[in-house]
Amino acid sequence: MKKNQISIVFKSFFVIMTVFFSSYATAQQNYVIDNSNHFWDKVQFGGGLGLGFGSGYTNISVMPSAIYNINEVVAMGVGLQFGYLYQKNYYESFVYGGSFITLVSPIPQLQLSAELEQVRVDTDYEENYYHPGYSDAYWNTALYLGAGYRTGNVTIGARYDVLYDPNKSLYGSGFMPFVRAYF
């Protein structure tokens with residue numbers, strides 16, 4: 001099973017890099033020498049905010065990110081993630097880390113993505129009738145491959161963690177819908 005997961009990861013990475021370099025090579029054919037600095041004109045900022053409240057439950061997350069538009073087809077960037085989860089009489093957890101993302105838009109309405117995420121999870125479980133209190137801390141790595149419909153600066157779609165392991169993953173499922181916006 002692990003061999004198949006690794007094979008899928010490498011095949012997916014190879015496809016993304018092939019698209020990246022082929023679009024880069026196409027862009028090089030139309031290259032015009034320009035000595036002015038347009039770096040910040042190609043940078044977009046965005047991210048996500050999450051708030052969830054319930055009966056004795058709190059989930060707060062902040063995920064800022066920035067991308068650099070290499071050309072009209074490819075963009076690459078980085079992101080940060082901070083999260084706080086609390087379940088009354090059960091646990092309190094802090095999540096923090098970062099990610100690298102590559103976005104490819106072969107046509108303006110379609111956005112393909114690959115995102116490598118590495119987060120630290122620190123959880124304190126409260127003592128209760130079923131088990132004594134204890135702490136758990138670990139790093140969680142995820143590689144998301146996704147696709148979405150893009151309109152303007154907003155993309156709505158879904159992504160899947162190809163490294164998902166139900167016994168070790170931070171999330172309850174490898175499949176995750178998303179709304180992504182960059183301005």
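This briefing describes the fold, surface and two residues of a protein chain. The model is predicted: local features need pLDDT of at least 70, side-chain atom pairs count only at pLDDT 80 or more, and totals for chains, interfaces and linings use all residues. Residues are numbered from 1 along each chain as its sequence is written, and side-chain values use heavy atoms, with hydrogens and water left out.

**Fold**
- Of the contacts (heavy atoms within 4.5 Å) between residues at least 6 apart in sequence, 48% join residues at least 24 apart.

**Surface and burial**
- Among the 183 residues, 33% count as buried, that is, under 20% relative accessible area with protein chains only.

**Strand 5**
- Ala114 belongs to strand 5, which covers residues 110-125.
- Ala114 counts as buried because its relative accessibility is 12%.
- A C-alpha separation of 9.6 Å is found between Ala114 and Met76, which are 38 residues apart along the chain.
- Arg120 also lies in strand 5, and its side chain makes a polar contact with the side chain of Asp122 at 3.3 Å.
- A polar contact is a pair of N or O atoms within 3.5 Å; within protein, one must be able to donate a hydrogen and the other to accept it, and residues adjacent in sequence count only if both atoms are side-chain atoms.
- Beyond its neighbours within four places in sequence, Arg120 is in contact with Phe94, Val95, Tyr96, Ala137, Tyr138 and Trp139.

Key:
Buried < 20%, exposed > 50% of the residue type's maximum accessible area, 1.4 Å probe, protein only. Helix = DSSP H or I, 4+ residues; strand = E, 2+ residues; numbered from the N terminus.
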